[in-house]
Amino acid sequence: HGWHGGGWNSLNFQPVAPNTEDRVVVPRGYEQGVVIRWGDPVLPGAPRFDFNRQTASAQAAQFGYNNDFCGLVPVPGRRDRWLMVSNHEYTTESHMHRGYDEANPTREQVEIAWAAHGMSVVVVEQARRGGLEVRLDRHYNRRVTVRTPFAVTGPAAGSQYLRTSADPTGRRVLGTLNNCAGGVTPWGTILSGEENFNQYLANAQAVTDPTTKARLARYGISGGASVRKWERFDRRFDLAQEPNEANRFGWIVEIDPLDPNSTPVKHTALGRFKHEGANVIVARDGRVVAYMGDDERFDYMYKFVSDERMKRGNSRHAREHNKRLLDSGTLYVARFRGDSPAAEIDGSGTLPSDGEFDGWGEWVPLAHNNRSFVEGFTAEEVYVFTRLAADAVGATKMDRPEDVEASLRSGRIYAALTNNTDRGKPGKEGPTEINPRPANRHGHVLEIEESRRDNTATRFSWRLLLVCGDPNSSDTYFGGYDKSQVSPISCPDNLAFDSRGNLWISTDGNALSTNDGLFAVPVEGRERGHVKQFLTVPHGAETCGPVITDDFVLVSVQHPGELDGASADNPLSHWPDGGTSHPRPSVVAVWKK
Ligand code: FEO
Ligand code: CA
Ligand code: CA
Ligand code: CA
């Protein structure tokens, strides 16, 4: 192996051209293979996938739908084997079942969806001919679904706002929902963000208490029946009966794949919002810092700084200590200021006269364990209704923060601000230096340097690394690099770093009328800003979960064929199985020939 002779020192692949093909396209000299697809067995004894004869019990033992984040944790003592953890963000029933009747789903269809959500833990092994192969490992392989018990931990565990008739303790929740991105912690566990959980909860319109109603509305929860009608089959999804059920989702969850019998947790200390994901770095003093985005137009960026220091090593004592690090600490939200005159941010997207979109900012504390820093909010209210607490301190409204991740090489933080077509619309906030374009269709990538390069600091400086879109357009910026040499990029979503510190970016919703893909860009030296496209995914799909090792790249191909007019009765993608098959979300490995 060792396909790059020691890593990605030079990104010397020939960039993939923009295209609309129904396949994964990789650079010349590289090979690819599907690692696992929706419906493939995860647990030993799981039935083979049969599109025409799906059952909930089969799905609960198979790879779930619409895999998003992907993370690898090494199997102890093995250099060629990992636990691969995937998020199953959401289901699209009209693509999963022929003749699906959206108004009247069957109980079996709903229970298939419960089993198709959640997470998968699968042992994968480097294959002799390249790529990765799945092992049906009896010890480690695991499925987490909407029925898996989670323990609620941290300062809001047991809160009055988390109690329901099924769980009067407010400390035990069944399931995780809409798990989007995530991160691998330095202690070998996986964090995963519960993102658009609002869509699963019905009948907010029947809630009469005005405070409760306003809180639900701030999280996008209003109206009557839910899209998938789960409330007909489990009353907890009916807010008229269980108004607190909504508060039991929207958390960062942590799962320990190395301990298959462990109960995964929901960390209340990291706040409740539409969590894209969370990524942790160990600060110089040993405390850990988690960076997070709330993926909504005009929502915020957060960080959490732990009270305790991480313990090194893999002893049981160290691991159990580290798994509690995210339960006590300080939660902050970001406030940004530009350094150029407001008149120079004219909405054209052209650079201000100092040559950069840049400035400084501060992390505003919201709460530390049982102490609130926000007037009018108890600590418990800060944690459970974090968006409202952040509103109250005047946090900076961003263009949909997706992944926020520190480079372990430099400690600098990168954030994907995917797009915000509402910026500058009547009644909405207009462009500012940090979000400089009105009707921002293509998004941008932000770089932050903490004061004294200390990740626990409360002050920072920032600049935009990329203002995405067509490089021929005057409202784009590629870190100062020659724009005639870069790949077009639109709607950055997930971020990863290779061993050399290059930034890798996957996209979702490419607004340049071509397929989504994966891009690499150096952030240091003369090549800073030289964006090169490494692969494209089939039409209708988004690219997510990138994992970049020196030997292979993994991407999640989420919702292939999700195109206008497509359905299980009229599939418009046949990837990856070809012929007349239905598309299947999958993990793909890419390696050098
Ligand atoms: Fe599920 Fe923010 O993407
Ligand atoms: Ca400036
Ligand atoms: Ca995402
Ligand atoms: Ca996305």
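## Helix H3 and its surroundings

The buried residues of H3 pack against helix H1 (56–59), strand S3 (81–88) and helix H2 (93–96). Helices (H or I, at least four residues) and strands (E, at least two) are DSSP runs, numbered from the N terminus. "Buried" means 20 or more other C-beta atoms within 10 Å of a residue's own, with C-beta atoms placed from the backbone.

This is a predicted model, in which local features need pLDDT of at least 70 and side-chain atom pairs count only at pLDDT 80 or more, while totals for chains, interfaces and linings use all residues. Residues are numbered from 1 along each chain as its sequence is written, and chains are lettered from A and ligands numbered from 1 in the order in which they are written.

Back to H3: eight of its 10 residues are buried, so the rest of the structure largely encloses it. Among them are Gln 109, Glu 111 and Trp 114. After the helix comes Gly 118, with a positive phi near 100°.

Now the domains, whose bounds come from an automatic or database domain assignment:

| Domain | Residues |
|---|---|
| domain 1 | 1–147 + 478–593 |
| domain 2 | 196–249 |
| domain 3 | 254–412 + 421–467 |

Five residues of domain 1 are in contact (C-beta atoms, placed from the backbone, within 7 Å) with four of domain 2. H3, residues 107–116, gives the most to domain 1's side of this meeting, with three residues. Taken over C-alpha atoms, the centres of domain 1 and domain 2 are 31 Å apart.

Note on methods. Two residues are in contact if their C-beta atoms, placed from the backbone, lie within 7 Å. A residue is buried if 20 or more other C-beta atoms lie within 10 Å of its own, exposed if 12 or fewer, and partly exposed in between; C-beta atoms are placed from the backbone.
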